[in-house]
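Student: I am new to this structure. Please take one part and look at it closely with me.

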Amino acid sequence: MRILEGQGVTKYFGGLAAVSNVDFHIDQGEIVGMIGPNGAGKTTLFNLISGALPLSSGEIRFKGQKLNGLKPHQICKVGIARTFQETKIFGNMPVFQNVLVGAFFGSPNRVPGEDAAREVSQALEFVGLAAMSATPVKDLTLVNQKRVEVARALATKPELLLLDELMAGLNPTEISEAMEMVTKLRDKGITIFMVEHVMKAIMGICERIMALHHGEKIAEGTSQEIACNKTVIDVYLGEEAHAGG
Amino acid sequence: MDITRFISTHRKLLLVGLPLLIILVFLTTIPLYGGVYWIRLLTVILMYVVLAASWAMFSGSTGYMSLAPAAFFGTGMYTMALLQDYLPFPVIIVVGGLVSFILALLVGLITLRLRGMYFAIFTFGLVVFMSEVTSYAEGVILKSRGQHIIPIDNATIFYAMLIITVVTLLAIYFIRRSRLGLSMLSIGGNEDAAEHMGIDTTRTKVLTFAISAIFMGAAGVITAPRLIYINADIAFSLTYSFMPILMSIFGGMGQFYGPIVGAIVFGYLEKTLRAQFSTYFMLGFGIIMVMVILFLPNGIAGLVSMLQDKIAKLRKGDEAEQHANT
């Protein structure tokens with residue numbers, strides 16, 4: 001079943017098309033990756049889905065419901081949660097309170113205090129931060145701040161989770177842990193749509209990958225298909241090969 | 001023993017509740033034995049407590065610097081001036097709060113989409129705007145400059161201010177502990193993230209901005225008869241915007257009691273020292289503010305919690321040492 005579907009999704013910033021006529025879909029229970037060089041429009045596409053930016057044209061549907069015109073807080077309540085490329089945390093609040101915000105406000109119905117506290121504990125247990133629940137988030141390391149973001153998103157009980165460069169800035173051990181966490185999230189029944197530059201991660205866990213370049217979708221397929229795709233190699237992997245070589 | 005058990009189980013409640021009860025009893029009985037000077041002084045201090053606490057409730061937690069208190073405070077004063085012949089005093093207090101609430105609601109809907117600096121400047125402009133419009137309307141419609149308020153005895157004014165103070169502080173205490181308080185804090189922490197976690201940030205900001213205006217407006221209504229004569233310059237004086245901010249910074253906005261402490265200290269100093277040493281008072285005031293901002297960014301409340309931490313650490317150290325010795 002298609003959980004998320006976009007048709008002709010377009011976003012203009014002035015005269016520049018940051019996202020141009022992109023069609024895409026995410027099936028329930030999938031892990032879908034999105035790659036593309038810097039400035040390809042990946043985060044903009046996420047912002048369009050989460051409601052942070054309005055669409056210029058086209059439409060996005062979540063389980064058949066049109067999302068156009070909904071505010072981020074409404075989209076969160078519908079069942080789409082996200083993390084941010086540059087962590088957006090409530091720095092002065094303890095870890096527990098950060099996640100509690102998601103538990104209290106993320107559901108369409110009023111969540112009783114005890115249920116919310118239990119959900120927070122479970123979410124913190126899941127991301128491995130149970131021992132730090134009283135620490136102010138600004139005192140945590142980057143990887144732990146990213147875990148707080150995942151726990152906070154998880155506490156809103158999403159059906160679809162948008163992960164924006166979860167692995168950026170992490171070391172190899174942390175990346176493996178994060179990959180394992182993403183797979184576990186999917187096993188919990190949450191559909192994952194992730195933007196990632198870490199090729200090892202995206203090739204390792206994504207069932208399907210789409211590639212964006214200058215706001216246009218240039219390729220889509222399994223990790224093998226993408227890795228062998230001529231256009232992708234030219235615009236993306238090719239660049240990296242040159243830079244690396 | 002029952003009493004000792006009661007004390008040990010409810011130690012925290014007694015530690016906070018008893019002093020509060022004593023202060024409240026002291027305040028409610030002071031008109032019986034205190035002189036006029038003390039009653040008037042305490043009325044001013046309570047007024048500043050209301051202004052500072054309600055300012056900090058909104059601006060301290062959301063991070064939106066409002067310079068609007070004077071606009072709502074002055075609105076309260078003019079509500080009193082215009083309605084004094086028609087309604088009883090307690091009703092006017094409520095009406096003044098409601099008028100300020102509606103004004104704040106309208107202003108909030110227009111401006112709370114603005115962020116940071118722009119919001120602060122707009123609220124500053126609101127005070128000037130209200131002052132000019134009031135002054136103009138008075139001249140054209142009422143053909144007068146300023147309004148005379150029928151005096152009310154000091155004790156009544158004092159009790160009215162005391163009741164509003166208690167109501168304000170109770171409301172703020174419960175709001176801070178509620179979901180509304182958490183959503184305000186998360187807006188202050190990161191507004192984008194708050195919005196993406198399901199918080200209707202615009203609604204939260206407008207609502208809490210307007211709630212804080214209720215208390216400011218009510219305090220304005222009560223202050224008008226104390227001044228006997230008001231005009232637009234007096235009612236919408238920017239002092240009423242700046243003092244609560246300085247008091248909150250001095251006291252510390254992180255804790256509930258911070259702005260209250262700041263208002264008591266500065267309210268007292270202003271009333272007692274300003275009359276005698278007006279120039280030196282402002283100079284001293286400025287120096288103290290600079291020192292606080294430099295060395296105590298979280299104000300007096302921040303200093304207190306820092307000391308508490310240190311004492312707790314020392315105690316832990318002692319215990320550890322005892323364990324090591326045994």
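Tutor: Let us take chain B. Keep in mind that this is a predicted model. Of the 326 residues in chain B, 41% are buried.

Start with the fold. Chain B holds 15 helices and 2 strands. Its radius of gyration is 22 Å, close to the 20 Å that the globule rule gives for 326 residues, so chain B is as compact as a globular protein of that length. Along the principal axes, the C-alpha atoms of chain B fill a box of roughly 85 × 55 × 45 Å.

Now the contacts inside the chain. Take those in chain B with a separation of 6 or more: residues 24 or more positions apart account for 79% of them.

Next, the domains. Chain B is divided into domain 1, residues 43-294, and domain 2, residues 296-326. The centres of domain 1 and domain 2 of chain B, taken over C-alpha atoms, are 36 Å apart. The two domains also touch. Domain 1 of chain B puts 13 residues into the contact, and domain 2 of chain B puts in 7 residues. Look at the domain 1 side. Helix 12 (239-251), helix 13 (258-276) and helix 14 (278-295) of chain B each supply at least two of its residues. By type, this side of domain 1 of chain B has 7 nonpolar residues, 6 polar and no charged.

Turn to the partner chain. In chain B, 16 residues are in contact with 22 residues of chain A. On the chain B side, helix 8 (179-189) and helix 9 (191-196) each supply at least two residues. Helix 8 of chain B gives the most, with 6 residues. The side of chain B that touches chain A divides into 6 nonpolar, 6 polar and 4 charged residues.

Last, the cores. The largest nonpolar core has 81 residues, and A:Val99, A:Leu100, A:Val120, A:Ala151, A:Leu161 and A:Ile192 touch the most other members. Helix 3 of chain A, residues 95-105, gives the most to this core, with 8 residues. Back in the largest core, pick out A:Val120. Leaving out residues up to four places away in sequence, A:Val120 touches A:Phe96, A:Val99, A:Leu100, A:Ala103 and A:Ala155.

How values were computed:
Residues numbered from 1 in each chain as written. Chains lettered and ligands numbered in written order. Predicted model: local features only at pLDDT ≥ 70, side-chain atom pairs only at ≥ 80, totals over all residues. Helix = DSSP H or I, 4+ residues; strand = E, 2+ residues; numbered from the N terminus. Rg over C-alpha atoms; globule rule 2.2 N^0.38 Å. Buried ≥ 20, exposed ≤ 12 C-beta atoms within 10 Å, placed from the backbone. Core = buried A, V, L, I, M, F, W, Y, C linked by C-beta atoms within 7 Å. Nonpolar A, V, L, I, M, F, W, Y, C, P; charged D, E, K, R; others polar. Domains from an automatic or database assignment.
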